[in-house]
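We will go from stop to stop, picking residues and looking at what surrounds them.

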Amino acid sequence: MSHFEIIDPRFRALVLPNAPLETLGTGYRWLEGPVWFADHDCLYVSDLPNDRVLRWSENGGISAFRQPSGFANGHARDRQGRLLTCSHRHRSVTRIEFDGTTTVLASDFDGKRLNSPNDIVCKSDGTIWFSDPIYGISTDYEGGKQEPELPPTLYRLDPASGELRVAAADFIGPNGLAFSPDERFLYVAETGDQFDDAAPRFIRRFAVGEHGVLSGGECFHSVEPGNADGVRVDEQGNLWSSAADGVHCISPGGELLGKILTPSLVSNLCFGGRNRSRLFLCASHTLMAIYTNTRGCVRP
Ligand code: MG
């Protein structure tokens with residue numbers, strides 16, 4: 001159990017003592033935005049500063065999927081299974097259609113350009129929720145230095161009507177996000193100011209009301225060491241968060257249950273594999289995976 005840290009006995013039932021922490025590939029610059037395609041039995045993951053998206057499968061290993069990628073970061077699938085992508089360089093959210101063409105779903109709000117969409121989820125009603133911090137345009141490293149025109153914001157997009165609206169605006173750096181299994185709650189990582197260590201960093205929890213209107217937004221949990229960047233929810237409603245020392249598992253009540261410890265910082269993660277029980281980890285320069293004893297919530 002060397003790579004597990006059990007903090008609460010409930011964590012024992014969620015992990016497999018003999019499951020190894022596997023390295024699937026290494027030597028990337030910085031991995032982000034993983035998404036599992038069960039029907040293709042593969043993972044797509046951004047190698048962000050290298051401006052490419054990689055594809056991993058058990059039999060095929062790693063190959064380049066898209067390069068250049070517009071400095072793609074977060075990915076998700078919509079209700080039809082199409083790939084949704086956050087692009088830093090193009091400051092947009094896009095969708096790849098079945099014929100391979102790309103549709104820009106959102107690139108501006110109120111006549112001003114988005115900053116650098118970071119992470120994204122699709123709700124069961126088809127609405128698309130994404131965070132828009134300034135990280136991707138504050139340096140040349142992850143998309144190119146550009147001037148922000150809008151404050152850091154969490155958006156809700158209705159692709160049926162095209163309506164883009166502010167879901168929550170009181171953020172310094174909105175980042176990873178995930179709905180609870182019943183979609184009554186939305187978790188959003190606040191990752192603060194990248195140049196100010198004193199800036200607050202914590203996971204917020206919003207109540208999702210009628211027509212997708214959010215309320216609350218209180219501090220749900222503070223990840224230590226490091227901070228939550230990407231977050232995912234399992235079938236039982238536990239939150240799995242990236243952290244500087246690996247992955248932290250947090251109960252629906254906000255208690256830290258345990259950790260999967262990794263040699264390098266984890267920025268993002270997702271469930272996948274045949275039973276959605278395999279956790280894929282963007283561990284800095286290395287793609288890792290570990291089988292768990294739970295399953296990812298059905299929505300990607
Ligand atoms: Mg992120």
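Select Tyr-44 and Arg-55: Tyr-44 stands opposite Arg-55 in E5. Keep in mind as you look around that this is a predicted model. Now show the whole of strand E5 (residues 52-57) together with E4, and you will find the two paired in the antiparallel sense over 6 bridges. Where the chain turns in this hairpin, 4 residues lie between the strands, and Asp-51 takes a positive phi near 55 degrees.

Click on Val-35 and you can find its bridge partner in E4, Tyr-44. The hairpin of E3 and E4 also has 4 residues between the strands, and here Asp-41 is the residue with a positive phi near 55 degrees.

Which residues point which way? Cys-42, Tyr-44 and Ser-46 point one way, while Leu-43, Val-45 and Asp-47 point the other way, and all are buried. Because 6 of the 6 residues of strand E4 (residues 42-47) are buried, the strand is largely enclosed by the rest of the structure.

Now move to another sheet. Select E7, E8, E9 and E10: these 4 strands form an open sheet in that order, with antiparallel pairing. At the edges are strand E7 (72-77) and strand E10 (102-106), each pairing on one side only. Neighbouring strands of this sheet are turned by 30 degrees against each other on average, direction ignored. Zoom in on E7 and strand E8 (residues 83-87), which are joined by 4 bridges; Arg-77 stands opposite Leu-83 in E8.

One residue along, pick Leu-84, also in strand E8. Is Leu-84 buried or exposed? At 0% relative accessibility, Leu-84 counts as buried. Its contacts beyond four places away in sequence include Gly-74, His-75, Thr-94, Leu-105, Ile-120 and Ile-128. For a distance to check, the C-alpha atoms of Leu-84 and Asp-119 are separated by 10.0 Å.

Finish at the magnesium ion. Which residues coordinate the magnesium ion? Asn-118 (OD1), Asn-175 (OD1) and Asp-229 (OD) do, at 2.1 to 2.3 Å. Asn-118 lies in the loop between strand E12 (112-113) and strand E13 (120-122) and Asn-175 in strand E17 (residues 174-179), so this pair ties together parts that are 57 residues apart in sequence. Asn-118 counts as buried at 5% relative accessibility, and Asn-175 counts as buried at 3%.

How values were computed: Residues are numbered from 1 along each chain as its sequence is written. This is a predicted model: local features need pLDDT of at least 70, side-chain atom pairs count only at pLDDT 80 or more; totals for chains, interfaces and linings use all residues. Side-chain values use heavy atoms; hydrogens and water are left out. Donors are N, O and S atoms within 2.8 Å of the metal (3.2 Å for Na, K and Ca); water is not among the atoms, so sites may look incomplete. Buried means under 20% relative accessible area, exposed over 50%, partly exposed in between (1.4 Å probe, protein chains only). Two strands pair if DSSP finds at least two bridges between them. Axes are lines fitted to C-alpha atoms, for helices over the stretch in contact, and angles run from 0 to 180 degrees between N-to-C directions. Contact means heavy atoms within 4.5 Å.
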